[in-house]
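The following exercises are to be worked with the sequence and the structure at hand. Each task is followed by a solution in steps.

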Amino acid sequence: LQGLLHRAKFEELIEPLLKRLRGPVEQALKDAGLSPSQIDEVILVGGATRVPAVQRVVKELLGKEPNRSVNPDEVVAMGAAIQAGVLMGEVRDVVLLDVTPLSLGVETKGGVMTVLIPRNTTIPTRKCEIFTTAEHNQTAVEIHVLQGERPMAADNKSLGRFRLEGIPPMPAGVPQIEVCFDIDANGILHVTAKEKSTGKEASITIQNTTTLSEEEIQRIIEEAKRYAEEDRRRREHAELKNTLDSTRVQAERILQEKQSTPEAKARLEAAIARAKELSEKDASDPELKAATEELLKAVEAYEKAATAGTTGASSRGPDDVIDADYKPAD
């Protein structure tokens with residue numbers, strides 16, 4: 001098939017593709033925290049960048065002529081060869097920096113994604129964070145590794161799961177579980193989870209954290225922008241629910257460890273029961289806030305009454321000795 005295609009018609013046909021160039025360029029500048037005037041050189045990559053219309057768009061966006069000193073068909077191979085030399089120790093005067101294309105994190109209580117390594121972090125890199133248990137006497141946790149830009153775990157890409165077992169039975173919030181993300185120069189992610197009191201450890205290695213295509217990365221970023229307001233509301237709701245449940249767990253611990261008046265005990269037990277009820281159903285934000293406030297007030301009243309009772313007991317005379325068991329402080 002042969003035919004004549006004028007440049008004007010060709011540029012009209014590729015106009016949708018030219019418009020798509022703008023997004024990645026503007027996003028790259030934003031991520032780097034740079035303005036076009038701060039860019040020293042623009043190197044074109046790929047044979048399609050020989051098209052004059054592409055070069056014109058690049059010049060409009062960045063305000064300077066592209067550097068044409070490197071063959072666009074060879075530039076990726078040249079960069080890969082230099083990086084191989086750096087990794088092998090044969091090239092010492094060049095530093096090539098790669099970055100994580102998307103954020104990496106773990107799923108935490110309420111289906112929230114907690115980010116450990118934000119997108120565009122230079123690799124190799126290592127980041128650790130301390131987590132704990134959500135329930136009393138919890139002896140195992142599941143580590144769900146995620147990649148993406150959405151605040152809720154279900155909306156991000158699952159990279160893998162593993163379990164850390166053998167956690168000693170302790171009250172919720174007491175165990176210290178250190179989760180570490182380690183990305184090496186090849187983009188391979190090593191995730192470890194270690195319970196600090198026993199040294200129990202589990203891990204997973206994930207190979208494909210940096211192999212997403214540019215189209216996939218842009219789609220994920222655009223989705224995060226599109227659903228930003230909806231995601232914000234969902235995360236706030238999950239955090240309100242988490243706050244109520246965490247407060248409930250601590251209130252139960254106080255109820256077990258301290259004695260108070262019957263009235264204060266009844267109020268606290270009712271507040272705990274209400275918190276359990278709301279945590280198990282899809283309660284509204286105002287209900288969750290009100291229940292948390294009541295639970296905090298009930299805890300305060302319970303502890304105040306317990307302190308008053310202790311003060312009253314300590315006002316006995318020196319000869320009024322009471323036999324009692326005791327336990328050492330933790």
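The model is predicted.

**Exercise 1. Determine whether strand β8 is mostly covered or mostly open, and identify the strands that pair with β8.**

Step 1. Strand β8 spans residues 177–183. Five of its seven residues are buried, so that the strand is mostly covered; a residue counts as buried when its relative accessible area is under 20%.

Step 2. One partner of β8 is strand β5, residues 125–131. These two strands run in the antiparallel sense and are joined over seven bridges. Within this pairing, I130 stands opposite E178 of β8.

Step 3. Another partner is strand β9, residues 189–195. Here too the sense is antiparallel, and the pairing extends over seven bridges. As an example, F181 has V191 in β9 as its bridge partner.

Step 4. β8 and β9 form a hairpin with five residues between the strands. In this hairpin, G187 adopts a positive phi near 80°.

**Exercise 2. Decide whether A202 is buried or exposed, and describe its surroundings.**

Step 1. Locate the residue: A202 belongs to strand β10, which covers residues 201–206.

Step 2. Apply the cut-off. The relative accessible area of A202 is 15%. Buried means under 20%, and therefore A202 is classed as buried.

Step 3. List the contacts, leaving aside neighbours within four places in sequence. A202 then touches F162, R163, L164, V191, T192 and A193. V191 is also the bridge partner of F181.

Step 4. Compare sequence with space. A202 and V179 are separated by 23 residues in sequence, while their C-alpha atoms lie 9.7 Å apart.

**Exercise 3. Describe how helices α6 and α7 pack against each other.**

Step 1. Helix α6 comprises residues 228–257 and helix α7 residues 262–279. Their axes are 9 Å apart and meet at an angle of about 145°. The crossing of α6 over α7 is left-handed.

Step 2. On the α6 side, the contact is made by K241, L244, D245, R248, A251, E252 and L255. On the α7 side, K265, L268, E269, I272, A275, K276, L278 and S279 take part.

Step 3. Sorted by class, the contact contains seven nonpolar, seven charged and one polar residue.

**Exercise 4. State how the chain is divided into domains, and how far apart the centres of domain 1 and domain 2 lie.**

Step 1. The division gives domain 1 (7–74), domain 2 (99–206) and domain 3 (215–308).

Step 2. Between the C-alpha centres of domain 1 and domain 2 the distance is 38 Å.

Terms used
Residues numbered from 1 in each chain as written. Predicted model: local features only at pLDDT ≥ 70, side-chain atom pairs only at ≥ 80, totals over all residues. Heavy atoms only, no water. Buried < 20%, exposed > 50% of the residue type's maximum accessible area, 1.4 Å probe, protein only. Helix = DSSP H or I, 4+ residues; strand = E, 2+ residues; numbered from the N terminus. Pairing = 2+ DSSP bridges. Domains from an automatic or database assignment. Axes fitted to C-alpha atoms, helices over the stretch in contact; angles between N-to-C directions. Left-handed = near helix turned anticlockwise from the far one by under 90°. Contact = heavy atoms within 4.5 Å. Nonpolar A, V, L, I, M, F, W, Y, C, P; charged D, E, K, R; others polar.
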